[in-house]
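This report is meant for a reader who is meeting the structure for the first time. Please look over the sequence and the model before reading on.

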Amino acid sequence: MRRWWAGERPASGGRTGSGPAQDGTPRGGPPPGSAPEGGPPPDGSHGSEQHGTAGPPPPSGPPPYGTPPDGTPAGGTPLYGTPTGGPPLYGTPPDGTPAGGTPPDRSPGDGPPPAASAHRPFPASGWVRWLAALLAGALPALTFPAPSLWWLAYGALVPWLLLIRSAGTMRRAALDGWIGGIGFVIAVHHWLMPSLHVFIVLLGALLGLLWAPWGVLARRLLGGRPSVRRAAAAVVAVPSGWLAIELVRSWEGLGGPWGLLGASQWEVAPALRVASVGGVWLVSLLVVAVNTGLVLLVAARTGARTAAGGLLVACALAVAGVWVWAPQPVTTGTARIAVVQPGVIAGPDSVERRLARGEELTRTVAGRDVDLVVWGESSIGAGAWQDPGTARRLAALSRETGADLLVNVDARQKDGSGRSGIFKSAVLVGPDGPTGDRYDKMRLVPFGEYVPARALLGWATSVGRAAGEDRLRGDRQVVMVLPDGDRGLRIGPLVCFESAFPDMSRRLVRDGAQVLVAQSATSTFQESWAPAQHASLGALRAAENGRPMVHATLTGISAVHGPRGERIGEPLGTEASAAAVYDVPLTRGTTLYGRFGDWAVYGALAVLAALCGAEGLRALRRRPAPGRP
């Protein structure tokens, strides 16, 4: 049933607008001769319905229901209450408030109902509102690389939240959340269009549904005129709802944790310090909390504004406290690590020419006291790896440079359990050939490296660039130990978008890795934002765990980040074909995130559970007792 706010539509038989109608109907009140809503007709007869029906015409004379300028009906009784605060004179007001009670979707102590929808700054429905929601949802994409407008993240959600706040119904709020979610997903993953084509719209529509409940939550807490209590709840619960969405879509089958809002702060030192306490999850919480507070400062009444301002100050003080007191790793030495990036090599014999270019660049680091040389993902293709001569060539390179090589093989092979198939593997090669240390990629890219439910969705290979044959998954993470001559350096390899998963890096560090190494190849998306976004993830993984991270690619961007997330040296861009040597600081110690893990996620889920419980109790309390009408 449509709920009308005061001043938006009369309780019965009247009209919208200001001033009385021609029949003497006062603004928002019943016409003369009709029964007041929920009460008896003015002549004392009984109406036929709960809300009253028209009775005999009133006696002649001045209208008994004339409305003075202050809104009080003739006789001195307020329109929706009595001078002593008793039950409303006319039963249920237009906002749906029961006698002496609270509007159905508002908390006790909330302020007056919001203004009529005619005064809202956004259209109530239609294609204009759809477009506004789509654009508002897409706006946060500008905070990620390559634009890297990190400062925009602290206000990028404000237009979207204001739109949701103006929704006339919860259904409309859910729709605003869904349409905005579609805009967010497509904008953040737009570089997938060459591979997914029209399927990116389907992907956006499906993942966008995650934001529909968030729209309802935001409308519930930010809509109308929030009280101080509701404003405080919004600053905590709205970010928690956003974090729940990030948790769900971080599942590998839905594409993994790409485009987490906290990842936009990869080059902001205070945010990286926060990540060392609660991971990228805590950074996302703080960013959304600031956006929610700004919405309250813009649109709420004085009390709620004060509460929002106080909570924003509290957030700033918390970040300052983290900056001062959060434990940081202690530097114990350095390791010299070389990154080899052959660049874009396409056309006939590209696998062999890429290998030859990698060898050529690796020889340039000879004599520079390098501990480890890292090649990018798929640096050795199937044909080359199956040639016994390839292992001999790599062993010769290791002897010539005086360093072990970490290469990456995309080929058909067997794993330790005897399974045979195509694996993407990080392989360590020493002076005598492969050392036996090998890590098989565990988390595969949907459609890029396997097709989910291939029997049902296999036709996607004929439309986009989906994998023709599924890669096989590894079954465990591996920490590789270099020879004693290299001081027993322990490295934790990751392949491709595994660097987006905070839990994988944390596990490697807990298993003793001193350096995190990610091997990647984004040549399919060479001219897009993808290479910069992928490289930026290294800063977050490094800061979260207090360990340096090396991000080596075939075609750029290759980069190295120190244990606090700071950039080490200059990255190799997408136009480079080169080798670079980095002095990587080694550390000991454990960050709070490394010790306690994803506690921010669990806290957010607890907040949402408490909110659902409170809403359930309120619903039970509003339910009439048995035997009462």
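## Overview

Strands, like helices, are taken here as DSSP runs, a strand having at least two residues, and they are numbered from the N terminus. In this predicted model, the secondary structure of the protein chain comes to 17 helices and twelve strands.

The protein chain has 629 residues, of which 52% are buried.

## A residue in strand β8

V515 belongs to strand β8, which covers residues 515-520. The relative accessible area of V515 is 0%, and V515 is therefore counted as buried, since the cut-off for that class is under 20%.

Not counting residues up to four places away in sequence, V515 touches I337, L489, R490, I491, G492, P548, V550 and L586. V515 and M549 are 34 residues apart along the chain, yet their C-alpha atoms are separated by 5.9 Å.

## The nonpolar cores

The largest nonpolar core contains 113 residues, and those with the most contacts inside it are W214, W242, L406 and I491. The element that gives the most to this core is helix α8, residues 269-299, which supplies 15 residues. Apart from this core lies another one, of 20 residues, which includes V340, V365, V373 and V407.

When neighbours within four places in sequence are left aside, L406 is in contact with L372, V373, V374, W375, A426, V427, L428, M480, I491, V517 and Q519.

## Helices α7 and α9

The axes of α7, residues 228-249, and helix α9, residues 302-325, come within 8 Å and cross at roughly 35 degrees. The crossing in which α7 passes α9 is right-handed.

On the side of α7 the contact is made by V228, A231, A232 and V235, and on the side of α9 by G303, A304, A307 and L311. By class, these are seven nonpolar residues and one polar residue, with no charged residues.

S264 is located in the loop that lies between α7 and α8. Because its relative accessibility is 0%, S264 counts as buried.

The side chain of S264 reaches the backbone oxygen of L261 at 2.7 Å. Leaving aside neighbours within four places in sequence, S264 is also in contact with T143, F144, W150 and A153.

Terms used
Residues are numbered from 1 along each chain as its sequence is written. This is a predicted model: local features need pLDDT of at least 70, side-chain atom pairs count only at pLDDT 80 or more; totals for chains, interfaces and linings use all residues. Side-chain values use heavy atoms; hydrogens and water are left out. A nonpolar core is a set of buried Ala, Val, Leu, Ile, Met, Phe, Trp, Tyr and Cys residues joined through side-chain atoms within 4.5 Å. Buried means under 20% relative accessible area, exposed over 50%, partly exposed in between (1.4 Å probe, protein chains only). Helices (H or I, at least four residues) and strands (E, at least two) are DSSP runs, numbered from the N terminus. Contact means heavy atoms within 4.5 Å. A polar contact is a pair of N or O atoms within 3.5 Å; within protein, one must be able to donate a hydrogen and the other to accept it, and residues adjacent in sequence count only if both atoms are side-chain atoms. Axes are lines fitted to C-alpha atoms, for helices over the stretch in contact, and angles run from 0 to 180 degrees between N-to-C directions. A crossing is left-handed if the near helix is turned anticlockwise from the far one by less than a right angle, and right-handed if clockwise. Ala, Val, Leu, Ile, Met, Phe, Trp, Tyr, Cys and Pro count as nonpolar, Asp, Glu, Lys and Arg as charged, and the others, Gly among them, as polar.
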